[in-house]
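Q: I am new to this structure and would like to learn how to read it. Can we take its features one at a time?

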Amino acid sequence: MKFYLLTGLVATATAFTSSPAAFTAQNKHVGDRAGSFQADSSAHRTRQATIVMDGKANAIRDRIKIVKNTQKITMAMKLVAAAKVRRAQDAVVATRPFSETLQSVFGGLVQRLGSDTIDLPLLTQRDVKKVTLVIISGDRGLCGGYNSFMIKKTDARFKELVAQGIEVEMVLVGKKANAYFSRRNYPIVKYFDCGQNPNAKQANAISEEILS
């Protein structure tokens, strides 16, 4: 009887013994779930923070793109305007030999004829009482520092002549010069708007205004 009782106790204890294999996850889906959880945790640790600006990130990105495109267009327009100014300067420089030759011809003619036998108003020396400043500027602000340079030189020359007691008047060519000097009460007698392609008729009108 004691033997049977001891055998029953041993069997009962064996049935309730916890083996490590009893708590091992044999289901592969459970293992997969655990591995996926570990992968998500590692990805979360390495994830970088994304800044969201009140839902307007796309609008800001589009605005930046538009501004960059506008800068490219403006730079191209500046290059074109600078090329036009350079061509105009080259044309002026190309006329210098003609003007110098014409001046030498007039000088030689006056020396041969003598100062008593000829009276040319352009060659007569007289006291300066009135000066006309001709300012030629651009219509747009896309030619580098040309407009600002012309305005500064004109302003300095105007003050210099006024300090000497000489009367000064201005003939303006171009929108930038007119916009600057007309707002500051300078003595403007005539303004010419020649546009982007000035012609001989406009040049003749300017010369007549200067010589009148």
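A: Residues are numbered from 1 along each chain as its sequence is written, and side-chain values use heavy atoms, with hydrogens and water left out.

Q: What is the mean pLDDT of the chain?
A: pLDDT is the predictor's confidence in each residue, from 0 to 100. The chain has a mean pLDDT of 76, and 69% of its residues reach 70 or more. Where pLDDT is low, the predicted coordinates should not be read in detail.

Q: In what order do the strands of the sheet stand?
A: Strands of a sheet pair through backbone hydrogen bonds, either parallel or antiparallel. Here strands are DSSP runs of E, at least two residues long, and helices are runs of H or I, at least four long, both numbered from the N terminus. Two strands pair if DSSP finds at least two bridges between them. In this model three strands form an open sheet in the order 1-2-3, with parallel pairing. Strand 1 (130–136) and strand 3 (188–192) are at the edges with a single partner strand each, so one side of each has no neighbour in the sheet.

Q: How many bridges join strand 1 to strand 2?
A: Seven bridges join strand 1 to strand 2, which spans residues 167–173. Strand 2 and strand 3 pair over four bridges, and V171 has K190 as its bridge partner in strand 3. From strand 2 the chain crosses through helix 6 to strand 3 in a right-handed β-α-β crossover; right-handed means that, with the strands pointing away from the viewer, the path from the first strand over the helix to the second runs clockwise.

Q: Which strands does helix 5 lie across?
A: Axes are lines fitted to C-alpha atoms, for helices over the stretch in contact, and angles run from 0 to 180 degrees between N-to-C directions. Helix 5 (residues 146–163) lies across strand 1 and strand 2, at about 175° to strand 1. Helix 7 (residues 200–211) lies across strand 1, strand 2 and strand 3, at about 170° to strand 3.

Q: Which residues touch the most other members of the largest nonpolar core?
A: In soluble globular proteins, nonpolar side chains tend to be buried together. A nonpolar core is a set of buried Ala, Val, Leu, Ile, Met, Phe, Trp, Tyr and Cys residues joined through side-chain atoms within 4.5 Å. Buried means under 20% relative accessible area, exposed over 50%, partly exposed in between (1.4 Å probe, protein chains only). The largest core has 13 residues, of which L133, I135, F158, L161, M170, L172 and F181 touch the most other members. A second, separate core of five residues includes V171, V173, F192 and I206.

Q: Is F181 buried or exposed?
A: F181 is buried, with a relative accessible area of 0%. F181 is placed in helix 6.

Definitions and conventions. This is a predicted model: local features need pLDDT of at least 70, side-chain atom pairs count only at pLDDT 80 or more; totals for chains, interfaces and linings use all residues. Contact means heavy atoms within 4.5 Å.
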